[in-house]
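The coordinates come from a predicted model.

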Amino acid sequence: MKKYWWSFLLSLMLLAACRQHKRPISFYYWKTQFSLNEYERNVLRENEAQTLYVRYFDVDFKPEDNEPVPVSPIQLDTSIHNFNVIPVVFIKNRTFERLKATDLTALVRKVFYLIIQINQKQRFQTHEIQFDCDWTERTRDIFFQFIQQYREMAGETVSATIRLHQVKYKERTGVPPVDYGVLMYYNMGAINGDNNNSIYERSVANRYNSYIKSYPLKLHAALPVFSWALKLRNGKVVELLNKINFTQFENDSNFIRISNDRYQAKHACFKWGFYFKEKDEIKQEHIPAEDLLDITNQINEHSNGRIDKLIFYDLDSTNLIQYEKDIFEKIHNNWN
Amino acid sequence: MKKIFSKKYIITGISSFTLGTGIILACGGDWEPEYNSSFTPEAFVDSTYRPFFYSEWLFYYGKGHDTEHDSRFNSSNINDWCTYLGIPIADGEVSHLQLSASSAAIDSASLYLSGKAKALPSTMQSFQLFKRSNKKLASFISYLSLAKKCEAFALSYPKYSWEYETKKNNTDTVNAIPLNNELLQEFTKTKDDFLKERYWFQLVRSYFFTEPHQQAIDLFENNEKVFPKNELYYRAMAYAAGAYYKLKNYSKANYYYSKVYDGCDLLKTVAHFSFHPQEEKDWKATLAMCVNNDEKATLWQMLGIFYSDEKRAIREIYSLNPRSEKLNLLLSRTINIQEQRYSTWDDGIRTNRFQIQSDSTTKELSSLVSRIAQAGNTNKPYMWQMAAGYLHMLNGNSKEAATWYALAGKKLPGEELPQQQLRLLKIINTIASTTKADSKLEKTILPELEWLKSIQPEAPLRSGTAFGWIRRTMADRYIKQKEFIKAVCFSNYPAFYVDNNNVEAMKSFLNKTNKTPYESLCAKMYTLTLNELVEYQAIDLALQDKIGEAIIKLESLFDGRQLPGNPFNGRIQDCHDCDHDAVQKIKYTRLSLLKKMKDMEDKIKAGNDVYNNAMLVANAHYNITHYGNARAFYECRVLGEYHYSPYTIDSAFRRPLTDMKQAIKYYTLALTTAKTDEQKAKCHFMLAKCERNEWYNKTMFNNSKYEYGDRQSVDFLPWNGFKSLQQYSNTQFYKEAIKECGYFRTYTQK
């Protein structure tokens with residue numbers, strides 16, 4: 001009897017362990033000042049999200065500069081200590097178009113030391129890094145060398161964001177020498193005035209889906225929980241209106257609703273710091289909950305269960321309030 | 001001057017959308033307009049508005065980005081102090097003290113002047129300034145001592161951008177209370193107006209950085225009436241505007257920025273950068289603050305330029321004051337933007353070309369500009385008349401355009417640029433209003449073309465687009481009229497040279513001694529020289545294997561161009577770089593190569609060592625085509641240079657420069673006279689290379705849609721040369737070919 005008792009206990013423990021072994025979700029944090037509000041803290045708490053991918057700074061090699069420079073390094077606050085932070089550095093592709101091979105090592109060092117400086121200010125350490133770069137066939141060699149040198153210098157886990165076109169055309173764009181990639185399952189369409197959603201469109205996703213299974217890299221997936229609006233003038237996009245509350249156009253007499261996802265400026269006016277000319281159109285692009293569930297279905301169907309982690313872009317209450325509170329749980333439950 | 005709203009910049013500057021696609025807003029290049037433009041803002045608009053002239057890619061015309069945040073007032077500061085102290089600017093002493101000396105060094109100088117230190121810092125010991133010590137100097141140094149302390153937080157442009165702890169946070173390290181107290185004390189105490197204004201500015205700025213912001217506003221507003229409206233006044237006002245912005249009083253902030261924009265030329269870009277109405281009510285409140293129509297006109301100009309709603313701004317300003325000079329910038333911008341619609345992509349030259357064409361989107365602007373031009377009540381009626389004419393002309397209405405130009409000509413000022421602008425528009429219109437290039441037109445445009453030809457590229461008048469259009473339009477007409485010499489003089493086109501009769505006719509034309517004035521102009525416009533034509537003929541003859549004739553042509557030119565590799569090499573795998581790097585006992589010039597080929601061809605004719613000579617001549621013929629190691633042989637003004645792919649060769653010359661005919665002829669001859677299996681194997685392989693190149697020519701390079709490598713099907717076939725080579729598998733050459741040539745290896749494994 002004693003023997004059975006022990007095996008029963010063991011089963012219970014294993015079951016408990018299994019239940020606890022819920023695959024984690026994470027978020028990107030993409031602002032220049034790290035400061036979470038109550039809503040954002042709650043989202044993290046309720047979804048047991050410990051890991052944050054935090055944008056530390058951009059790197060750009062501007063036409064008027066003689067060397068690459070960091071753009072808007074983040075200001076952290078003490079609450080950063082509560083999280084497992086993975087710094088993300090966005091490197092504008094033109095940096096690698098202009099960078100000479102002889103200056104590569106210097107750039108690696110500068111990026112490395114800037115991360116240390118940012119961390120030191122808050123007296124904490126990070127042990128992993130992610131590079132975000134929309135590299136091309138032309139820049140792949142120098143970008144991959146950059147990653148390689150960074151790995152050797154820092155001895156850290158290094159990941160990179162992977163765009164869908166880079167998955168489909170891997171023979172041309174190459175596979176970066178990283179520990180894992182984060183598949184950006186969004187921003188797949190052209191940003192234009194047509195009726196498609198540039199953030200996610202199933203028909204566009206289908207052009208890429210079949211290539212995910214065979215991508216030779218361990219993968220996480222990044223899912224969009226952001227929205228934006230496009231300002232269209234004569235049918236062409238002239239400005240991206242980031243993080244605006246689309247419903248507020250409804251109560252503004254300067255605007256008229258012309259379709260489900262569009263308003264038109266009846267009169268020229270200012271709103272939220274943007275200027276609208278008469279007849280400018282505002283097209284909303286956002287990802288409703290059903291699309292997010294559809295994305296997880298797509299990932300389930302096409303990734304062969306190889307996605308280890310879901311990361312949401314981005315942690316910002318302006319975005320998150322547009323969803324029911326249990327959206328992340330639903331997505332998680334829907335994800336195989 | 002510090003940029004007031006770095007945070008605003010940060011918000012817009014970061015990669016908000018970067019985990020995805022973005023919109024490319026800017027790119028590098030020259031600052032001069034790289035787009036098609038024939039309407040010169042400098043002819044009409046005050047030069048203080050220059051940063052806001054229309055620029056296609058980067059907002060500020062002529063500079064792209066404003067990088068003078070910490071330096072824009074350096075020279076006027078030095079100038080002001082030198083005048084105050086009564087010393088020359090040229091000796092550089094004030095400049096050193098203001099820009100280079102450290103805060104500690106200035107403090108030491110101050111102690112020296114007050115007798116508390118025995119010596120000056122070493123860098124200042126030779127300064128004449130200190131040899132005639134006076135009260136003004138002491139005031140200057142004590143002012144500078146406080147100013148340097150403020151600079152620790154007020155100058156923000158990071159000197160080394162990879163340093164995380166930039167000066168932006170330096171307000172933390174400065175004890176602001178005693179500093180502000182000292183500034184306030186000096187401001188209150190001094191009776192000297194010059195110093196008083198400076199201390200006032202320093203204190204407003206210091207309050208802006210060290211807060212509370214209301215203190216900066218109060219100090220500015222309680223004292224602004226006593227100071228002259230000079231640079232320093234507007235600098236102080238800009239900080240008060242910034243303080244209002246920080247307090248979210250956007251309407252007042254923007255009102256102040258509009259006054260700064262209007263009152264201080266050096267701060268125009270700063271005001272532009274900081275002016276940012278949030279909601280319509282802010283904008284309306286700002287308008288309501290204006291005390292006169294001119295202030296309102298400034299606001300409308302800012303809206304029109306900064307938010308690209310020029311037409312609305314023109315209407316509003318015109319209704320406030322038709323004579324407002326603020327309309328001029330708006331008109332020049334809207335015309336410069338509109339004229340871009342008359343650019344169409346030309347695939348041949350891979351750039352946009354100006355084209356006159358009807359465009360209905362111009363109607364609204366055209367009727368607005370015509371209405372104002374008709375009224376004739378602006379401060380520069382001729383500008384509106386020219387603009388109205390230009391818009392009509394762009395749409396192909398040359399008759400209406402001519403009427404407007406005639407009106408503009410009646411009251412044109414004597415200044416050179418407006419005169420030149422009208423002349424330019426008229427010449428375009430004259431040509432646009434005709435359909436033939438006949439003698440009447442030639443007579444009319446002769447002096448105009450001579451004038452256009454004489455304009456230097458760096459001249460302010462934007463004449464390049466118009467001249468390019470005139471040249472192409474006239475060339476097209478001459479081609480239709482079969483006057484090919486004139487056509488090629490106006491606009492050089494490669495197909496002209498394919499017929500040697502044309503080349504000979506051109507040579508005769510250039511040699512003609514009794515040219516008419518119009519012919520002389522044509523010859524001047526022609527871009528090639530007689531020698532360049534002969535050079536081309538020599539190359540063409542060589543490519544046709546008329547080596548003897550080619551030598552005669554080339555000898556007349558004293559051509560000494562060396563070829564980078566040995567043109568007699570024949571490799572299994574073409575490697576131009578390897579050939580160019582290899583040590584060469586004999587360096588061939590174009591002429592010495594042809595002479596050597598001639599010797600060899602003579603030997604072939606005489607039956608002397610035919611295999612070897614034919615093989616070498618074949619290699620040389622191969623190498624002087626695009627596929628070979630001696631492309632330098634054919635590079636010239638007519639055929640072009642730096643062809644990195646056959647697609648970059650003009651279609652008129654692509655065939656002769658990629659033709660394998662001569663190489664095949666001599667490799668075949670070598671094959672027929674080959675004695676050993678090794679020799680035969682080599683000939684078959686070389687012929688396979690030629691066959692492959694011809695296959696590329698036919699399947700890929702004659703189809704521009706494959707230019708960017710989108711051709712997905714097979715990239716090689718079982719060439720006849722490969723098939724024949726298989727019978728020589730016992731040879732050393734065969735083994736080497738297997739080793740070096742992947743295609744052949746693949747073929748043999750199938």
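## A helix residue and its patch

In which helix of chain B is Glu740(B) found? Glu740(B) lies in helix 34 of chain B. The residue is partly exposed because its relative accessibility is 38%, between the 20% limit for buried and the 50% limit for exposed.

Glu740(B) also belongs to a negative surface patch.

Side chains of opposite charge can pair when their charged atoms come close. Over all chains, the model holds 54 salt bridges.

One of them joins Glu281(A) to Arg262(A). The closest N and O atoms are 3.2 Å apart. This pair links distant parts of the chain. Glu281(A) sits in strand 15 (residues 281-286) of chain A, and Arg262(A) in strand 12 (residues 262-265) of chain A. The two residues are 19 apart in the chain. Is Arg262(A) buried or exposed? Arg262(A) counts as buried, because its relative accessibility is 9%, and buried means under 20%.

## Salt bridges in chain B

Arg637(B) forms a salt bridge with Glu532(B). Here the closest N and O atoms are 3.1 Å apart. Again, distant parts of the chain are linked. Arg637(B) is in the loop between helix 29 (610-623) and helix 30 (651-658) of chain B. Glu532(B) is in helix 25 (residues 530-543) of chain B. The partners are 105 residues apart. Arg637(B) counts as partly exposed because its relative accessibility is 46%. Glu532(B) counts as buried because its value is 16%.

Asp579(B) and Arg571(B) also meet in a salt bridge, with an N to O distance of 2.7 Å. Asp579(B) is buried, at 4% relative accessibility. Arg571(B) is partly exposed, with a relative accessible area of 29%.

## A covered strand in chain A

How many of the five residues of strand 1 (residues 25-29) of chain A are buried? Five of five are, so the strand is mostly covered, given that buried means under 20% relative accessible area. Both faces are covered. On one side are Ile25(A), Phe27(A) and Tyr29(A). On the other are Ser26(A) and Tyr28(A).

Which strands pair with strand 1 of chain A? Strand 16 (residues 307-313) of chain A pairs with strand 1 in the parallel sense, over three bridges. Strand 2 (residues 51-60) of chain A also pairs with strand 1 in the parallel sense, over three bridges. Phe27(A) has a bridge partner in each: Phe312(A) in strand 16 of chain A and Leu52(A) in strand 2 of chain A.

## A span across chain B

Ser108(B) is found in helix 4 (residues 103-113) of chain B. Ser108(B) is partly exposed, with a relative accessible area of 29%. How many residues apart in sequence are Ser108(B) and Leu510(B)? They are 402 residues apart in sequence. In space, their C-alpha atoms are 76 Å apart.

Terms used. Residues numbered from 1 in each chain as written. Chains lettered and ligands numbered in written order. Predicted model: local features only at pLDDT ≥ 70, side-chain atom pairs only at ≥ 80, totals over all residues. Heavy atoms only, no water. Salt bridge = Lys/Arg side-chain N within 4 Å of Asp/Glu carboxyl O. Helix = DSSP H or I, 4+ residues; strand = E, 2+ residues; numbered from the N terminus. Buried < 20%, exposed > 50% of the residue type's maximum accessible area, 1.4 Å probe, protein only. Patch = residues over 30% accessible without salt bridge, like charges linked within 9 Å, V, L, I, M, F, W, Y side chains within 5 Å. Areas by Shrake-Rupley, 256 points an atom, 1.4 Å probe, with all protein chains shown as cover. Lys, Arg positive; Asp, Glu negative; His and termini not counted. Charge placed at Lys NZ, Arg CZ, Asp CG, Glu CD. Pairing = 2+ DSSP bridges.
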